[in-house]
Amino acid sequence: MATDSEPGRRRRCCAQDTPDVPKVLDSRGDSDGPRRGSLCDRHCAAINNVQGDLGDMGCHLHRPRVPLAMSTPSCCQQHSEEVCESCVVKTTLTAENAVEANKLSNNYKFGFKKWKSHVTARPWEDRSEIVKELYSDLNVIRGSGGSTLTCGNVLYLLLFGWWLSLLYVLVAAVMFVTIMGAPYGWLCWDLAGYFLWPFGKVIQKVEVPKSHQVCEAGVGESSALLGGPTLCRWHPRCWLGTGYWHHASTAVWLCLGYPVLALAHGLVCVTAWLLIVLIPVAKLSARATSRVLLLPPERVLIRRLRMTEVPLEGEVILCCYRAANPYYYKYAVDGINVFAVNLLPLVLVTLVLGYVDSPNHLTGSAVKFTLALLSIMPLSYYIGMAIASISAQSNFAVGAVVNATFGSITELTFYITALIKGSREGNRCYAEVVKSALTGTLVGCVLFVPGLCMVIGGIRHQEQRFNSRSAGVSSALLFLSVGGVFAPTLFSKVYGKLVCGECHNVTQNPLGHYLCHNCHFDLMDNNGTLYYSHVQPLVYTVSILLPAAYLIGLFFTLKTHTHIYDIHISDCHMPGHHHSAVVHWSRWRALVILLLSTLCMSACADLATEHISPILTNSTISQYFIGVTVLAMVPELPEIVNGIQFALQNNLSLSIEIGNCIAVQVCMLQIPILVLFTIFYPTNFTLVFSDLHVYASMFSVVLMNYIFMDGKCDYFQGTVLVMVYFILLAVYFFAPSPSGC
């Protein structure tokens, strides 16, 4: 079933339809057709019976039903006791507008960045009740939702309520001491009780004609609807009315009381917002600072709700029932997920701390490296959303250029800055770390990303199916790319000269056994004849052929064989609903954000490479392990989150394509670009990998192709992929550091 953020899908088995009359296999074809016992017919009928939920808008796709006898022979009628391979699964997607439809279509295009979140604002009436509650203001009185004694409310009391209430009591005492601020003192006294436990209470803005008229209304009036006394009580709020005393009281409040409380509420607001699940508390504090504390005391009324069937008199400013909501991970600000919003200040802190405190007086290199690496995550998110927004609002050519140009900008920025630093320092470790990061990205996207998506998606869905034909295209390109990338390595193993740094005679016999360390194949023997005459031309040839193969794959999937994906976008709406596309980011805004994020990414990558040297030299962990884990997978976290979200929506095809596309781009785009970069800026980077990288990559690709053969999977197969990935990580963890590091 589709959820609030994912359009529905409908699948059907293919039939050899004529252009004039569309024909669909009847769901009873397994009992009426000539081959009623065929497994193929049962398979197609099962697919045909799946009634996809076309989104939350209640749209339905009406397809004409043609009797089986009138239809032309289907592909399923030509096979017996096997599922026909030519049945292409057709998928119909629904979108609210043309921009969203373009984004959904781009998700299924090879080489385009897959993006889960909406790039346009969803209509309010199409959202679920859970999401509507996230964006609602705290001024709506709802029916009784049960007891207010919940874990989230108790957490508010322990974190904020007690000291915030105590602060209000102290400010009230100060206001009473000033005499003129006594009306605000009574207000703070009332608010102290409110903020100690604000749940089930309401703050109103009432209309008071004149101070003396209010006092004549009496004392101690109560309401049958709401508990608590009315506003007018015998205290200075009644007899300090308008005129000089009123203005003096306001001046005292704005000088002594309001700044302290505003600062406290600001601290509560920031802390609660960063905790995400306590965002209602952040809204509560922000509304109290901007509305409640700036009102005259006589216009603020605090009451406890007893029953809410009858509307309250006066404007409701605050009404809170729950301090925590676990669904706030879905919350977005202008289309940006709340996690990315919260991590954005981390980027500013990283840049300021990294370039201002260059001598490391405030923090060490380890802290700066960690901050720079964490800052890459939100920047990757902004780059991904900017690419998706521009592609969805542009034609195919512009979208293809943007995806090809900025699709791998995150990884390439880090790799190039690391190679430049290693070349300047004459340190080969940086080139080895880059090779480890490239291999780690390849292995992680082939094993860990699809495996994790299978496990999480398989927990919700017992068995998940995906488009094996499209996955086969990516698998073929992976085989080709891995063979091409590691061809120079295999060539050097065959023709290179084995050189060892240190050897010991174990048997004390000149003809006995020797134990050697730091062995490698020397390509520079005889003044580098082997490398410059044979290996280097092979590297350049491979670097030309791999991007060419990538372009052929794009032409194959996007031009000549688009039926592999066969995605149909249905633009349907509820009767009476006419929604226009309200994009979160316009093309120019997305372009500016894309360029700024790329610039910040370059700065963070520079800081990461600047402060990684002490970690590489002083750490007891192998440099291989640092490269294949931290440096490889941290920039891919936004893509992993997208893959998990697709898997939870039972759309495993996109989850698999996310990992496959990244792996293919590593081999067919990123590595050739690095080779091209070394031509213009000589570095220590050569396309000769260690044996561990070769074996890990090849084994991962073979295992992935074996798992994806049948076009269906479950959580067990995903567990196998994840476990193999962790085994390879253990191998890298215990492996000795590369030679020269």
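Figure 1. Setting aside residues up to four places away in sequence, Leu 373 touches Val 630, Leu 631 and Val 634, where contact means heavy atoms within 4.5 Å. The model is predicted: local features need pLDDT of at least 70 and side-chain atom pairs count only at pLDDT 80 or more, whereas totals for chains, interfaces and linings use all residues. Residues are numbered from 1 along each chain as its sequence is written, and side-chain values use heavy atoms, with hydrogens and water left out. Leu 373 belongs to helix α12 (residues 365–392); helices (H or I, at least four residues) and strands (E, at least two) are DSSP runs, numbered from the N terminus. With a relative accessible area of 7%, Leu 373 is buried (buried means under 20% relative accessible area, exposed over 50%, and partly exposed in between, with a 1.4 Å probe and protein chains only).

**Figure 2. The chain as a whole.** The secondary structure comprises 25 helices and 13 strands. The chain has 741 residues, of which 52% count as buried. Of the contacts between residues at least 6 apart in sequence, 81% join residues at least 24 apart.

**Figure 3. Packing of helices α5 and α6.** The axes of α5 and α6 come within 8 Å and cross at roughly 165°; axes are lines fitted to C-alpha atoms, for helices over the stretch in contact, and angles run from 0 to 180 degrees between N-to-C directions. This angle makes α5 roughly antiparallel to α6 (under 35 degrees counts as roughly parallel, over 145 as roughly antiparallel, 65 to 115 as roughly perpendicular, and the rest as oblique). The crossing of α5 and α6 is left-handed, a term used if the near helix is turned anticlockwise from the far one by less than a right angle, with right-handed used if clockwise. Among the residues that make the contact are Tyr 156, Leu 157, Trp 162 and Phe 176 of α5, together with Tyr 184, Trp 186, Trp 189 and Leu 196 of α6.

**Figure 4. Aromatic pairs.** The structure holds 22 aromatic pairs; rings of Phe, Tyr and Trp (its six-membered ring) pair if their centres lie within 6.5 Å, and planes under 30 degrees apart count as stacked, over 60 as edge-to-face and the rest as tilted. One of the pairs is formed by Phe 176 and Trp 186, edge-to-face, at 5.3 Å centre to centre and 80° between the planes. Phe 176 lies in helix α5 (residues 151–177) and Trp 186 in helix α6 (residues 182–196), so this pair ties together parts that are 10 residues apart in sequence. Phe 176 is partly exposed, at a relative accessible area of 30%, and Trp 186 is partly exposed at 26%. The rings of Phe 677 and Tyr 681 form a stacked pair, because their centres are 5.7 Å apart and their planes lie at 20°. Tyr 681 is partly exposed, with a relative accessible area of 28%. Elsewhere, ring pairs link Trp 115, Tyr 381, Tyr 382 and Trp 585 into a cluster.

**Figure 5. Packing of helices α14 and α23.** Helix α14 (residues 409–425) packs against helix α23 (residues 652–680) at an angle of about 30°, with the axes 11 Å apart. The two helices are therefore roughly parallel to each other, and their crossing is right-handed. From α14, Glu 411, Leu 412, Tyr 415, Ile 416, Leu 419 and Ile 420 meet Gln 670, Ile 673, Leu 674 and Phe 677 in α23.

**Figure 6. Packing of helices α15 and α21.** Helix α15 (residues 429–460) and helix α21 (residues 623–633) have axes that come within 7 Å and cross at roughly 60°. That angle makes α15 oblique to α21, and the crossing is right-handed. Residues of α15 including Val 433, Gly 440, Gly 444 and Phe 448 meet residues of α21 including Tyr 624, Gly 627, Val 628 and Leu 631.

Figure 7. Ser 285, in helix α10 (residues 279–290), counts as buried at 2% relative accessibility. Neighbours within four places in sequence aside, Ser 285 is in contact with His 265, Val 268 and Cys 269. Trp 588, in helix α19 (residues 587–610), is exposed, with a relative accessible area of 68%.
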